[in-house]
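Here is a short report for a reader meeting this structure for the first time. Please look over the sequence and the model before reading on.

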Amino acid sequence: MHYSIPADNLGQPKSEFKLLDKVEVELIVLKSQDKLLLEGNAHFRMELKCAICDKFFVQEFAEPFKSEYIRTTAKSSKISAKTLLLSHDELDRFYFQGETLDLLPLLHDTILLAIPLAPSCQEDC
């Protein structure tokens with residue numbers, strides 16, 4: 001699958017970066033019973049502020065993501081988060097009900113985690 005999401009749909013916070021244009025998403029979905037495995041790449045451009053010289057610059061990103069979605073019933077979704085200890089593999093696991101998935105939170109997290117802690121406009125800046 002391939003689709004585009006306008007930058008405005010991802011609810012950008014006001015800060016030192018700005019998502020430009022749209023996010024292009026390539027997505028593969030694998031289904032096994034009540035589980036869906038999503039793997040893909042998010043391609044986007046951001047305007048960032050250089051941590052060294054304080055100038056704005058544009059950087060392109062191609063960020064991979066992978067997540068597992070498991071269908072739940074109303075009874076099984078009442079598990080308290082405080083009673084669970086998550087393993088490393090479970091950090092990318094989400095639960096859903098119904099027939100649709102909202103992928104915007106996954107893409108939002110993918111984009112935010114791609115932003116460097118100290119962006120640099122050039123390697124020698």
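## Two buried rings

F44 and F61 are both buried. The model they belong to is a predicted one. Their rings form a stacked aromatic pair, with 5.0 Å from centre to centre and 15° between the planes. The two partners come from distant parts of the chain. F44 sits in strand β3 and F61 in strand β4, 17 residues apart.

How many aromatic pairs does the structure hold? There are two. Y69 belongs to strand β4 and F96 to strand β5, so the pair ties together parts 27 residues apart in sequence. Y69 and F96 are buried as well.

The table sets out the two pairs.

| Pair | Centre to centre | Angle between planes | Arrangement |
|---|---|---|---|
| F44 and F61 | 5.0 Å | 15° | stacked |

## The overall plan

Now step back to the whole chain. Its secondary structure comes to one helix and five strands. Along the sequence, the pattern reads β-β-β-β-β-α. The chain has 125 residues, and 28% of them count as buried. Take the contacts between residues at least 6 apart in sequence: 60% of these join residues at least 24 apart.

The five strands form an open sheet. Their order is β1-β2-β3-β4-β5, and the pairing is mixed. Which strands stand at the edges? They are β1 (2-6) and β5 (93-96). Each has a single partner strand, so one side of each has no neighbour in the sheet. On average, neighbouring strands are turned by 30° against each other, direction ignored.

β4 and β5 run parallel and are joined by four bridges. Within this pairing, Y69 stands opposite F94 of β5.

α1 lies across β1, β2, β3 and β4. Its direction makes an angle of about 140° with β4.

## The core

The largest nonpolar core has 26 residues. Within this core, L19, V23, F44 and M46 touch the most other members. F44 is also one of the two stacked rings.

Which elements give two or more residues to the core? They are β2 (17-32), β3 (35-49), β4 (56-71) and α1 (104-114). The most comes from β3, which gives six residues.

V23 shows how such a residue is surrounded. Leaving out residues up to four places away in sequence, V23 touches Y3, S4, I5, L10, A42, H43, F44 and I111.

## E24 and its polar contacts

E24 is found in strand β2. Its side chain makes a polar contact of 2.8 Å with the side chain of H2. The E24 side chain makes another polar contact, also at 2.8 Å, with the side chain of S4. Beyond residues up to four places away in sequence, E24 touches H2, Y3, S4, N41, A42 and H43.

## Exposed residues

Some residues face outward. D21 has its place in strand β2. At 52% relative accessibility, D21 counts as exposed, because the cut-off is over 50%. Q33 lies in the loop between β2 and β3. It has 71% relative accessibility, so Q33 counts as exposed too.

These two residues also call for a look at the backbone. Most residues other than glycine have a negative phi. D21, however, has a positive phi near 55°. For Q33, phi is positive and near 55° as well.

Is Y95 buried or exposed? With 53% relative accessibility, Y95 counts as exposed. Y95 lies in strand β5. Leaving aside neighbours within four places in sequence, Y95 is in contact with I70 and T72. Y95 and I70 are 25 residues apart along the chain, yet their C-alpha atoms are separated by 4.8 Å.

Note on methods: Residues numbered from 1 in each chain as written. Predicted model: local features only at pLDDT ≥ 70, side-chain atom pairs only at ≥ 80, totals over all residues. Heavy atoms only, no water. Core = buried A, V, L, I, M, F, W, Y, C linked by side-chain atoms within 4.5 Å. Buried < 20%, exposed > 50% of the residue type's maximum accessible area, 1.4 Å probe, protein only. Contact = heavy atoms within 4.5 Å. Pairing = 2+ DSSP bridges. Axes fitted to C-alpha atoms, helices over the stretch in contact; angles between N-to-C directions. Phe/Tyr/Trp six-rings, centres within 6.5 Å; stacked < 30°, edge-to-face > 60°. Polar contact = N/O pair within 3.5 Å; in protein donor to acceptor, adjacent residues only side chain to side chain.
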